[in-house]
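Please open the structure in your viewer and keep the sequence panel beside it. The tour below goes from one selection to the next.

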Amino acid sequence: MEDIHRVQLFVEPWNAGSWRAAEACGYDREGLLRGWELVGDQYKDMYVYSRVKAI
């Protein structure tokens, strides 16, 4: 686990429970990725969150 310095999460913007949980766990929202992931037959926006290990 020492080799891992960054963890990313991708959360749908409508999923407030998930992005609130990510923020409560110390993840930082880095931005909104437009049309990031294909879900069914549509590309969906996703928030990207990260947590970076302090060096």
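Contact here means heavy atoms within 4.5 Å. With that in mind, select Y27, which touches V7, L9, A22, Y49, S50 and R51 when residues up to four places away in sequence are not counted. This is a predicted model, in which local features need pLDDT of at least 70 and side-chain atom pairs count only at pLDDT 80 or more, while totals for chains, interfaces and linings use all residues. Residues are numbered from 1 along each chain as its sequence is written, and side-chain values use heavy atoms, with hydrogens and water left out.

Colour next by pLDDT (the predictor's confidence in each residue, from 0 to 100): the protein has a mean of 93, and 98% of its residues reach 70 or more.

Now show the strands (DSSP runs of E, at least two residues; helices are runs of H or I, at least four, and both are numbered from the N terminus). Three of them form an open sheet in the order β1-β3-β2, with antiparallel pairing, where two strands pair if DSSP finds at least two bridges between them. β1 (6–11) and β2 (28–39) stand at the edges with a single partner strand each, so one side of each has no neighbour in the sheet. Between β2 and β3, which run antiparallel, there are eight bridges; select V39 to find Q42 of β3 opposite.
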